[in-house]
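Subject: Structure handover

Dear colleague,

Here is the structure we talked about passing on. My notes follow it.

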Amino acid sequence: MAIFIDTGNITEIRKYLKMGVLRGVTTNPTILLKDGLTGGIAEIKKRTLEIAKMIHPYPLSIEVTTNDKDLMLAQACQLAKWADNIVVKITIHGPDGELHNLEVIHDLENMHGIRVNVTAMMSAQQCFLAAMAGATYVSLFCGRVNNMGYNSLDEVRKLRKLLDQFNLKSKIIAASTREVLNVIEWLEAGAHIVTVTPKLIEGMLVHPYTKETVRMFLQDALKSENMAEKAAVAPELEEISSAGARKIDSLSVRF
Ligand code: E4P
């Protein structure tokens, strides 16, 4: 699985999809707003359908826009119907610590057959509960964990150990990537997936020393081509000058 892209930007998704490096897409209301998406659920649907079709069969995570228990359940069912590769994102609890989210997550996975990505989690223990409830994906916001002064690598390691130990199906998505270095570190610590912003994927790919090396290759290829051209011209010149010499020779014989 490895790399998902954390964006709603069609151009960026297409660009990296064509390179074959993506295995899924994650979004949230904040990302979509930053990508210029306004107009509520109708516009979310349009963008979702476009992305889901483009990346199929890879998964696309779309977040519900309410924390009301019944509305959340109904909206999750509605989102999941838009395409078969949609995964519904639900936060681990509400803005005031409301607990019904986990019940909704459990129902969606176990009664409705809808895949859930449980999101906005800051610790291995939150992720472990979401995994116990049946979540397909558990999103650990590692960048935010680091920002709070904790070591996200420890959380990823602990979580992976628990998921394996109890044979839980959930896949860890290490999220809220802040630095290029995060990607390999989190994967190495045991995350199944890291969801990465387009800018950081480019950062992983482009290296100043690679640029310099490629420049050297191209310049030397050009030099070698120019030398070959010169070498092709040289024998012709030689032929012309030796023909001239022969002519002079024959004239000198006559005189
Ligand atoms: C993950 O699925 C989230 O969309 C995202 O990584 C959150 O990142 P943030 O901390 O930059 O908001």
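Ser61 counts as buried because its relative accessibility is 2% (buried means under 20% relative accessible area, exposed over 50%, partly exposed in between, with a 1.4 Å probe and protein chains only). Ser61 belongs to strand β3, residues 60-63. Leaving aside residues up to four places away in sequence, Ser61 touches Val25, Thr26, Thr27, Val87, Lys89 and Asn117 (contact means heavy atoms within 4.5 Å). Helices (H or I, at least four residues) and strands (E, at least two) are DSSP runs, numbered from the N terminus.

This is a predicted model, in which local features need pLDDT of at least 70 and side-chain atom pairs count only at pLDDT 80 or more, while totals for chains, interfaces and linings use all residues. Residues are numbered from 1 along each chain as its sequence is written, and side-chain values use heavy atoms, with hydrogens and water left out.

On aromatic pairs: the structure holds two (rings of Phe, Tyr and Trp, the last by its six-membered ring, pair if their centres lie within 6.5 Å; planes under 30 degrees apart count as stacked, over 60 as edge-to-face and the rest as tilted). Phe4 and Tyr137 make an edge-to-face pair, 6.0 Å centre to centre with 70° between the planes. Phe4 is in strand β1 (residues 2-6) and Tyr137 in strand β6 (residues 137-140), so this pair ties together parts that are 133 residues apart in sequence. Phe4 counts as buried at 1% relative accessibility, and Tyr137 counts as buried at 5%.

Phe128 and Phe166 form a tilted pair, with 5.8 Å centre to centre and 50° between the planes. Phe128 sits in helix α6 (residues 124-133) and Phe166 in the loop between α8 (152-165) and β7 (171-174), so the parts tied together are 38 residues apart in sequence. Phe166, at 45% relative accessibility, counts as partly exposed.

On helix packing: α4 (residues 69-82) and α5 (residues 100-110) pack at an angle of about 30°, their axes 10 Å apart (axes are lines fitted to C-alpha atoms, for helices over the stretch in contact, and angles run from 0 to 180 degrees between N-to-C directions). The two helices α4 and α5 are therefore roughly parallel to each other (angles under 35 degrees; over 145 is roughly antiparallel, 65 to 115 roughly perpendicular and the rest oblique). From α4, the contact involves Lys69, Met72, Leu73, Ala76 and Cys77; from α5, His100, Asn101, Glu103, Val104, Asp107 and Leu108.

Regards
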